[in-house]
Amino acid sequence: MLSDDHVNEIIIEVENVSSGVQSHPSSNQIFRGKVLLDSSINMVSSISDIDVVDSQSASKRNDQKGNQVLQFSTSLNESISQTLHSLECVGIDTPGSSHETVQGQKLIASLIPMTSRDRIKAIRNQPRTMEEKRNLRKIVDKEKSKQTHRILQLNCCVQCLNSISRAYRRSKNSLSEILNSISLWQKTLKIIGGKFGTSVLSYFNFLRWLLKFNIFSFIVNFSFIIIPQFTVAEKNTLQFTGLELFTGVGYFRDTVMYYGFYTNSTIQHGNSGASYNMQLAYIFTIGACLTTCFFSLLFSMAKYFRDNFINPHIYSGGITKLIFCWDFTVTHEKAVKLKQKNLSTEIRENLSELRQENVKLTFNQQLTRFSTYVMAWVVSTGVAIACCAAVYYLAEYNLEFLKTHSNPGAVLLLPFVVSCINLAVPCFYSMFRLVERYEMPRHEVYILLIRNILLKITIVGILCYYWLNNVALSGEECWETLIGQDIYRLLLMDFVFSLADSFLGEFLRRIIGMQLITSLGLPEFDIARNVLELIYAQTLVWIGIFFCPLLPLIQMIMLFIMFYAKNISLMMNFQPPSKAWRASQMMTFFILLLFFPSFTGVLCTLAITIWRLKPSADCGPFRGLPFFIHSIYSWIDTLSTRPGYLWVVWIYRNLIGSVHFFFILTLIVLIITYLYWQITEGRKIMIRLLHEQIINEGKDKMFLIEKLIKLQDMEKKANPSSLVLERREVEQQDALHLGERDSSLDLRFRRSVQEGNPRA
């Protein structure tokens, strides 16, 4: 039997287990440590329950068993500390009782039989730090590997599939991390979002998204059209003067920049080398670019529509996620401040929307606003019609004007007038906000986008009519190159006007608002006008990619410069939006406008060009053909004579060349869109009902609490002696707390005495 001092020594050793060892034990060690811990604690509990009856006999045995007790306490200390540290490495808190360690065992035991994907999801959802999750995953993987090694009947194919899926997930995660690390302008976009909110940030995200489009288009064109043409190109004998950068004529005419420079022959190096048909390469490469853009737009619209309209968290406000979620991996001081600024901006945006949704107007106010909106639409529509009429008449007489004027700068007249209209009229539309005064800033942006898109797409439609009817049928030597030059000048002039507006116009507006008319103050960033400039330029690029294959490269350079120009102007000349609003759904609307009417109009224009117009007889890869599409017809006829390629002929005639197939495909897309729309409406109704139910339950709880308080007050008035009983209970609880504190002080005193006693 142990003495009372030795028992206290063991208890003290158990209480003073440190928890700072950084190790990664296996799951078996954890299980054995847990059993040892439970048995040791039970032993200590049983020892503490022993009553020392004969103190003299215990003191006689003290000298004989002192060394044994010391060895027991040391081994007990080491085993408990190792077990506790093992549990901490897994992310399981060191328990005051065996309940939490049992939970840790159950967690590990439940993770082992799961599949790899379910196990990763379960570990990811654990409320633990990243280091604890990694350690837990390592231990579970080790235990899983041990069990799998014991199972001899495991199929080899299953092991191969598991290893392949694991390698695929790891490579996918590493690739996503690499792409995020090399992604353009991550830090700049965070700064913009933190200072100006998600509304202004949506413009820069859209610009970066378009840049990726043009990078892909340029890579495809350069690989399959430009490089093969370089191998057979003749030396350019024209002299470069520098004026070609603005007009697009002269030296650039005999380069790979325009359609007319490409050969129509089959490229073959050597007698036994592989042949390369430039006609098929040209039309298939352009078709592949447009097809990829088509499906990418559809996929992006579906993705943003699902994230911003269908998911339920969109309608719940997201306040809980903003307030109670923090990324603990952010440790740098500047990054923490930027994250705080982003969170505060998002909270203000959510709260402002909730406040604006509750605004109600009287009938007279609604009638006044409706009349104002109608007048604004009448004026804006009249201005758009007048501008389009001016562009139409100028385009009609442009060819005659160029024939009578030999000045090289005369070709810039039409692009100059069009760019002036595209710059001045959207600024005029932006002034309507002073009269219309929309409560929701999002509605104001939507209205401006619709007005601007109607203006710019109508102008592009008039220009396409001019190109396909006047230029293509004018009998010029190479009308495809002329169209490519016109599109190049329009794109370049629009870029010059945008830069001038960013560095000069916006600077002048800031000077006027800060020094001359101080009541105006700093202007706000016009999202609608700037977004429509990007859509207009991208529409020109898609139209001109058939006549000028290097346009994606030019657009890449322009977008890259435009990002930095707009960023500098934004930081210097603009203030954050006066009305904070959440623009999570803006990207969906931007891509929708880019798809319709922009991209669909481009497809219609190119379809008319390929199926209805006759190519030039002396230039380009399709010279000598009655229509551009005849190159495909000739290729299909050639394949129909080869038995190994009959499946290609069947796909073309029954799918690609069939009107019924596209009709059925369009019908399926419309049905899917309708189903998604109904799902959205159903989730809106469900969330609204649940929100009302939560409010009603809160009101019921408040009602019951008030009733309970009234009943307690009535009981206290009826039985005054209950107050005395409550006071006695409080005094007894205070006495118990004092006794516990005295016992803890006595334990500490006994520990200090034992530490000072070398024999103990």
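Leaving aside its neighbours within four places in sequence, which residues is Ser265 in contact with? Tyr276 and Met278 are the ones, with contact meaning heavy atoms within 4.5 Å. Ser265 itself sits in the loop between α9 (244-247) and β1 (266-268); helices (H or I, at least four residues) and strands (E, at least two) are DSSP runs, numbered from the N terminus. Gln279 comes 14 residues away from Ser265 in sequence, and the two C-alpha atoms are 7.8 Å apart.

The model is predicted, so local features need pLDDT of at least 70 and side-chain atom pairs count only at pLDDT 80 or more, while totals for chains, interfaces and linings use all residues. Residues are numbered from 1 along each chain as its sequence is written, and side-chain values use heavy atoms, with hydrogens and water left out.

Now for the chain as a whole. It holds 25 helices and two strands, and 38% of its 760 residues count as buried. Take the contacts between residues at least 6 apart in sequence: 77% of them join residues at least 24 apart.

The inside comes next. A nonpolar core is a set of buried Ala, Val, Leu, Ile, Met, Phe, Trp, Tyr and Cys residues joined through side-chain atoms within 4.5 Å. The largest one has 124 residues, and Phe206, Leu297, Leu449, Trp467 and Phe546 have the most contacts inside it. Helix α8 (residues 186-232) gives the most to this core, namely 17 residues. A second, separate core has seven residues, among them Leu111, Ile123, Leu136 and Val140. Beyond its neighbours within four places in sequence, Leu297 touches Trp209, Phe213, Trp542, Ile591, Leu594, Phe595 and Phe599.

The unreviewed UniProt entry annotates "transmembrane region" at several stretches, including 280-299 and 444-468; positions are given in the numbering used here, feature names are shortened, and annotations may be inferred rather than shown by experiment. Residues 280-299 are 100% helix, with end C-alpha atoms 28 Å apart. Residues 444-468 are also 100% helix, and there the end C-alpha atoms are 36 Å apart.

The structure holds 11 salt bridges, each a side-chain nitrogen of Lys or Arg within 4 Å of a carboxyl oxygen of Asp or Glu. Arg529 takes part in a bridge with Asp501 (3.0 Å, N to O). This pair links distant parts of the chain, 28 residues apart: Arg529 in helix α19 (residues 527-544) and Asp501 in helix α18 (residues 479-516). Both residues are buried. Arg529 also bridges to Asp526, with the closest N and O atoms 3.6 Å apart, and to Glu533, again at 3.6 Å. Because Arg529 and Glu533 are four residues apart in helix α19, about one helical turn separates them. Relative accessible area is 4% for Arg529 and 8% for Glu533, while Asp526 is buried at 8% relative accessibility. A network of salt bridges links Arg433, Glu444, Asp501, Arg509, Asp526, Arg529 and Glu533.

How values were computed. Buried means under 20% relative accessible area, exposed over 50%, partly exposed in between (1.4 Å probe, protein chains only).
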